[in-house]
Amino acid sequence: MPQLELRTASECRFDFLALGSLVQRFDPGLVPLHEASRFERHCSGAEYNPAANLAKCFGLRAAVASAISEYPPGWWIESEVRRAGVTGLYKRFPYDGVHGPRMANTYSDRGIGVRGPEVWYDRANEAGALLAPGDFDWRRRFQEDGVRWFHSGGIFASLSPSTSALILEGMKAARSAGTVVSYDLNFRKRLWDASPGGSARALEVNRGIASQVDVLIGNEEDLQLGLGIKGPDVPAAHSAMDTQAFRSAIESAHKAYPNLKAVATTLRQVHSASRHTWKALLWLDGRFHETPAMELDVHDRIGGGDGFAAGLVFGLLTGESPESALRLGWAHGALLTTYPGDITMARLEQVRALAQGGSARVVR
């Protein structure tokens with residue numbers, strides 16, 4: 001069974017480098033999007049969020065490779081990345097006010113009770129989709145600077161053929177330098193359908209990427225739709241907290257991709273927009289690890305999965321046991337759903353306390 005081997009911190013400038021598109025997320029809170037006139041603006045990105053979480057909460061040296069358009073939204077995002085403590089490595093695009101390219105927007109309200117949240121994409125002509133092989137000096141980053149962990153995801157891969165090719169280019173350079181490579185499948189059918197080749201291309205792209213990955217993150221649906229991994233037939237009434245189906249899917253994934261050293265997921269049973277049950281599962285070095293179920297009172301569910309990924313990566317990078325690393329991810333992802341926005345507001349001691357069984361009693 002292949003083992004997860006990490007470069008030492010002393011030989012690397014960065015603990016974590018993410019590759020993906022940066023976006024503005026507009027959040028009207030409890031007001032439905034079609035009625036909203038006021039929004040909170042959050043800097044976000046499915047691949048960037050774990051980097052920001054690792055820098056802000058966990059104190060790691062994180063970076064993001066992305067695109068910036070030279071106009072106010074791009075400058076605001078660049079400032080927010082700095083404020084999170086993340087080093088930005090950018091390809092810059094001029095903005096002409098008519099044709100762009102521009103920074104992408106996403107719109108998502110929070111829902112409440114029986115009304116679920118809605119997410120709408122506004123990503124036409126975004127700069128991130130124009131990124132392509134050759135845009136970043138991977139040799140400098142992985143060989144000269146040194147990076148311990150490289151991460152990307154399925155949302156960035158779906159944006160264009162050039163972004164998926166760039167992911168593969170970066171992953172191959174990372175592997176040649178001994179850097180751990182992770183990929184969050186994050187299958188979004190609407191994004192794949194809108195890209196050249198549609199959803200059919202998703203299988204080809206994700207399969208090629210999965211062959212270069214050490215750590216794969218994704219739920220049972222991601223594995224089925226993103227990689228074509230078929231799980232066992234499960235009765236429709238089975239509990240969303242039952243991990244047996246996902247365990248079988250993981251075993252199938254490892255048979256198809258023997259390079260995989262770890263696979264992780266969160267499981268979420270949605271009772272209402274405001275009340276979820278949450279747990280996590282990790283397969284590492286041939287063994288399964290599972291957290292208890294936790295009841296969540298959800299303020300903003302966007303970013304919880306990225307919060308899980310960050311806590312897990314932190315635990316693995318800092319030598320925690322697999323069980324402890326999983327619990328750190330589970331606890332941090334749970335805490336992230338209690339904050340507005342996509343990026344953590346947690347302190348590390350709060351994450352550790354919850355991971356070890358802490359409660360919501362007042363801290364004096």
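Of the 364 residues, 57% are buried, meaning under 20% relative accessible area with a 1.4 Å probe, protein chains only.

As for the overall build, the chain holds 12 helices and 14 strands (DSSP runs numbered from the N terminus: H or I of at least four residues for helices, E of at least two for strands). The radius of gyration, taken over C-alpha atoms, is 19 Å, close to the 21 Å from the globule rule (2.2 Å times the number of residues to the power 0.38), so the chain is as compact as a globular protein of that length. Along the principal axes, the C-alpha atoms fill a box of roughly 50 × 50 × 45 Å. Among contacts (heavy atoms within 4.5 Å) with a separation of 6 or more, 71% link residues 24 or more positions apart.

Pairing here takes at least two DSSP bridges between two strands. Strand 8 runs parallel to strand 1 (residues 14–19) over 4 bridges, with Phe14 partnered by Val147. Strand 8 is also parallel to strand 9 (residues 180–184), joined by 5 bridges; there, His151 has Ser182 as its bridge partner.

Residue numbers start from 1 along each chain as its sequence is written, and side-chain values use heavy atoms, leaving out hydrogens and water. In this predicted model, local features need pLDDT of at least 70 and side-chain atom pairs count only at pLDDT 80 or more, while totals for chains, interfaces and linings use all residues.

How values were computed. Buried < 20%, exposed > 50% of the residue type's maximum accessible area, 1.4 Å probe, protein only.
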